[in-house]
Every structure is written in structure tokens, then in C-alpha cells.
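Please read it with the sequence and the 3D structure side by side.

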Amino acid sequence: MKLAIMQPYFLPYIGYFQLIASVDVFVIYDNIKYTKKGWINRNRMLQNGKDVMFSLPLKSDSDYLFISQRELSTDFKRDRFLNQITELYKKAPFFDSVLPIIRKIIQYQENNLFLFLQYSIISICEYLELKTSILVSSGIALDHDLKAQNKVLSVCHALKANTYINAIGGKELYSKEVFEAHNLELKFLSSQNFSYIQFGDTFVPWLSILDVLMFNSKDAIQKQLWQVDFV
């Protein structure tokens, strides 16, 4: 059984969904600390041929809370955010078919950050017809005080995985020799270059899946999910 584990991200880039597509079970961490400078509640979309950051506003709280303990701000203007997306992408070729999905995600009436992100990830997976089983880390029986590689190994054993796949960016974090000692195969997924037409301007790569959805058919995206290399 192939397994991957990741933090939840808001409308992440296509590589996140390529990782989901590559495994049988995908575990989303909910009981790890929220980090301000990561991509948990923010990403990039296209504006006037350049990338622009968007984010989910959060309620002010302790920096030591888990993702599952953070809340969206009561000042989150969902309609305003939808209007911004509409203005930027209304002329994109797949706007009409994609906007209802994005609207459903943004208007989801849940203020818990993790539950909101989980819903958004599952919604995109459903649209792309991904059949991977998605689990939440806190629901798995293991020692949740473990950290880093040791926690990953524990999750793999708890779920009886024989292969663990990680995004290529984490290559320095894990040892193939250690995984082999635990009877586990370790692989790293690298996304192949994926370019497409964005209003005829110079292509801006690796934006949010939002941008990919707006400019590409479902069939084209499904094919791209398998355009990866394993090392």
C-alpha cells in the first residue's frame, strides 16, 4: 500500500494533487503546529500577467496552537473574495464550470481552519475524480508526540503501508536507509513542467490549483496528474 502525508493547504498547486493521485492513502496532518510563513492558508493566483498572493484571514491566537485549533477570522468576507476571483478569471475558458466548485468551497460555513481546508481539498479531489482514501492524522492510533521522520514511520506502520511517497522538496528530511530498515520503500515525487495559456501573457508557473482549473479542462488536468517522476 502506498502512503503520503502532508499538511493541509488552501487550494494548493497541482503537485499536491499529483501526490494524492500517486498513493492509495493520503493522510492530512491536523495535530501539528500552524506556521505563519507556510502555505497553509495562502497561495498565489494570476493578476494582470503576474502572481498575486491570496489568503484566508485567521482569528488572532497563540502561535503554538495546532492547525485544528485555529479559526478563520469573523472578518473573512467570503463574497468579496469570490468577487475578486470572478474579476480575475471571468474570461478564462473554464470559468463557468469551475466557479461553482470554488464558490461551494469558499461559502462553506465552517470557521475551523482545518475542517475548512479539509473540505476544500476533498472538493477538488471529487471534481478531479480522485479515488484516494483521505485520512486525518489525529484519528490514527500512534504516539502523536513523535516528530518528523519518526512520526512518518509510525503512521506507515499503523496503516500497514509498504511504500511512502513524499514531495521532492522533502528529500533532505528522510533517509532511504532508515525506511529500508523498517521494511518500507521511500520514494520522492517530482512534478514535470506543466505550462498552459494564461490570457496570452508570459506563463506564470506553479500557481494555485485555482489557476490550473480555470485554464484547463478536467480531462487535461487528470492526464497531468500522472506527469511525474519518482526518485
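How many nonpolar, polar and charged residues does the lining of the largest pocket have? In this predicted model, the lining comprises 20 nonpolar, 11 polar and 4 charged residues.

**The largest pocket**

- The volume of the largest pocket comes to about 870 Å³, and 35 residues line it, of which Ile5, Met6, Gln7, Tyr9 and Leu173 lie nearest its centre.
- Strand E1 (2–6), helix H1 (14–21), strand E3 (42–47), helix H5 (148–158) and strand E6 (163–167) each contribute at least two residues to this lining, and H5 gives the most, with 4 residues.

**The cavity**

- The structure holds 1 cavity of 30 Å³ or more, and the volume of the largest cavity is about 50 Å³.
- Its lining is made up of Tyr13, Ile14, Phe194, Tyr196, Phe203, Pro205, Trp206, Leu207 and Val212, which divide by class into 9 nonpolar, no polar and no charged residues.

**The sheet and the helices on it**

- An open sheet is formed by 6 strands in the order E5-E2-E1-E6-E7-E8, with mixed pairing.
- At the edges of this sheet stand strand E5 (133–136) and strand E8 (228–230), each of which pairs on one side only.
- Averaged over the sheet and with direction ignored, neighbouring strands are turned by 30° against each other.
- Strand E2 (residues 25–28) pairs with E5 in the parallel sense over 4 bridges, and within this pairing Phe26 of E2 has Ile134 in E5 as its bridge partner.
- Helix H4 (residues 113–127) packs on the sheet, where it touches E2 and E5, and its direction makes about 175° with that of E5.
- Helix H1, which also supplies residues to the lining of the largest pocket, lies across E1, E2, E6, strand E7 (185–191) and E8, and runs at about 145° to E7.

**The hairpin of E3 and E4**

- Strand E3 and strand E4 (residues 50–55) run antiparallel and are joined by 6 bridges, with Arg44 standing opposite Met53 in E4.
- The hairpin has 2 residues between its strands, and Asn48 takes a positive phi near 55° in it.

**Two single residues**

- From C-alpha to C-alpha, Ile168 and Cys156 are 18 Å apart in space, while in sequence they are 12 residues apart.

Notes:
Residues are numbered from 1 along each chain as its sequence is written. This is a predicted model: local features need pLDDT of at least 70, side-chain atom pairs count only at pLDDT 80 or more; totals for chains, interfaces and linings use all residues. Side-chain values use heavy atoms; hydrogens and water are left out. On a 1 Å grid over the protein atoms alone, a cavity is a set of points where a 1.4 Å probe fits but cannot get out, and a pocket is an open set with protein on both sides within 12 Å along at least five of seven lines; lining residues have an atom within 4 Å of a point. Grid points are joined across faces, edges and corners, and a volume is the space filled by probe spheres set on the points. Ala, Val, Leu, Ile, Met, Phe, Trp, Tyr, Cys and Pro count as nonpolar, Asp, Glu, Lys and Arg as charged, and the others, Gly among them, as polar. Two strands pair if DSSP finds at least two bridges between them. Axes are lines fitted to C-alpha atoms, for helices over the stretch in contact, and angles run from 0 to 180 degrees between N-to-C directions. Contact means heavy atoms within 4.5 Å.
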